[in-house]
Amino acid sequence: MLCAAGIVVASGNASHAQVTAARATTIEWGAYAHDPAGTKHSPAAQITRTNVKQLVPVWTYRTGDFALGEAMARDETTPLFVDNVVYASTPFGGVRAIDGDTGAEVWSFDSELDLSGNYGDFTNRGVSTWVDPTRPTRAACHRRIFVAPVDARIIALDSRTGTPCADFGTHGQVLLARDVVNAPNYKGEYAVTSPPAVVNGFVIVGSAVGDGRRSAAPSGVVRAFDARTGVLKWSWDPVPRDSAQPGFETWRGPQAHRTGAANAWSIISVDSARDLVFVPTGSASPDFFGGERLGQNLFANSVVALRASTGAMVWHFQMVHHDLWDYDVPAQPLLFTMHRGGRDIPALAQTTKMGHVFILDRETGKPLFPVEERPVPRSDVAGEDAWPTQPFPTLPRPLSPARFDTADVFGASDAGRAWCRAQLAGARSTGIFTPPSLVP
């Protein structure tokens, strides 16, 4: 269990024999969501509905990262648990290795983050790990811990000592803000907040881009690096820059192909058996006005399947056309097996900011339940051309209501409810795809 101050581990009153037996069958948590498929499911079964009330705190570890005001640090890490060691990132991009039994610090790494940067999303969601099959078990950097601090670096650490792996990049790190289309205007415009994906010896990372400041924000490029050397292996840009690239015609306007963002700030999923990575992309820049990037805007606001070994695009599915709402695809794609008609279908589930859940064939990107293109409101903003339809999945049903009107007003008193209804009176409110408007 996590808290703002650090990590709290709870346990019941187990005997020494029970602890020994449990350790012999330890179930690890080796990736951000337990596994590269994003299942977030552990088969561990010691804690049940009947005994969970018996849990008591055993140890607490405090990272020491602390800030106030706009730079307030948020602890969003999901620790790994490997070889009875907890590996947790800190808001400032440090890493702590903690003994799983005692809470004693095994080692601590300070990323030396530049705290003067203007980081829009000041956090770090976790670390990744990779075992080098060419190195003996006790050799340095046999197992590596990768952390990507918010100032856009990938750092490789020896899991046993926390020392940077000197053979990775330059002195153990690779700088990510270099060589992107539209160089950052300030430190923090191009950042990283989520742990990289690891597949077949590659470390794959997206970015968090400040997408509300300018049209030509930094590009949301996704890149794969050799996990041993840090050498760039491939890159994929969600905004087509060349007329020969697929999707180029879906961006219209003199500067449309200089548009930035459409970045993957959330977690990338991996299907190593199929040599695929699944990238959730966000809105193009600027996020609330598309007059300089008219068109459907592929491959923003999409799930995109890339060939893990080459970066080539295999398929794509767009959840929002010509985004005007900052409706990034915010969650890690979930890979699972769907049973239908007597056969097993490799599937992918994607949740969205709109409350929609899209279920797709993992190999083709085709919807496994019908998706309807439904008319949505047009824009009344000069220079804007909202896309006339948006995709709505027919199943599963939405996780939240699609619109809000006066009948939905709630409050603690009649006066409070009346005030809320007065604010809504005359406002333009036609559902989740009501575009930004000159009308309140």
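Biologist: Ser111: buried or exposed?
Modeller: Ser111 is buried, at 3% relative accessible area. Buried means under 20%, exposed over 50%, and partly exposed in between, with a 1.4 Å probe and protein chains only. This is a predicted model, where local features need pLDDT of at least 70, side-chain atom pairs count only at pLDDT 80 or more, and totals for chains, interfaces and linings use all residues. Residues are numbered from 1 along each chain as its sequence is written, and side-chain values use heavy atoms, leaving out hydrogens and water.

Biologist: Where is Ser111, and what does it touch?
Modeller: Ser111 sits in the loop between strand 8 and strand 9 (123–124). Strands (E, at least two residues) and helices (H or I, at least four) are DSSP runs, numbered from the N terminus. Not counting residues up to four places away in sequence, Ser111 touches Phe92, Gly93, Gly94, Pro149, Arg153 and Ile155. Contact means heavy atoms within 4.5 Å.

Biologist: New topic. Which strands form the open sheet?
Modeller: Four strands, in the order 5-6-7-8, with antiparallel pairing. Two strands pair if DSSP finds at least two bridges between them. The edge strands are strand 5 (80–82) and strand 8 (105–109), each pairing on one side only.

Biologist: How many bridges join strand 5 to strand 6?
Modeller: Three. Phe81 has Val86 in strand 6 as its bridge partner.

Biologist: And aromatic pairs, how many?
Modeller: The structure holds 11. Rings of Phe, Tyr and Trp (its six-membered ring) pair if their centres lie within 6.5 Å; planes under 30 degrees apart are stacked, over 60 edge-to-face, and the rest tilted. Phe278 and Trp315 have ring centres 6.0 Å apart and planes at 45 degrees, so this pair is tilted.

Biologist: What is the mean pLDDT of the chain?
Modeller: The mean is 93, and 94% of residues reach 70 or more. pLDDT is the predictor's confidence in each residue, from 0 to 100. Over residues 1–5 it is below 50. Where pLDDT is low, the predicted coordinates should not be read in detail.
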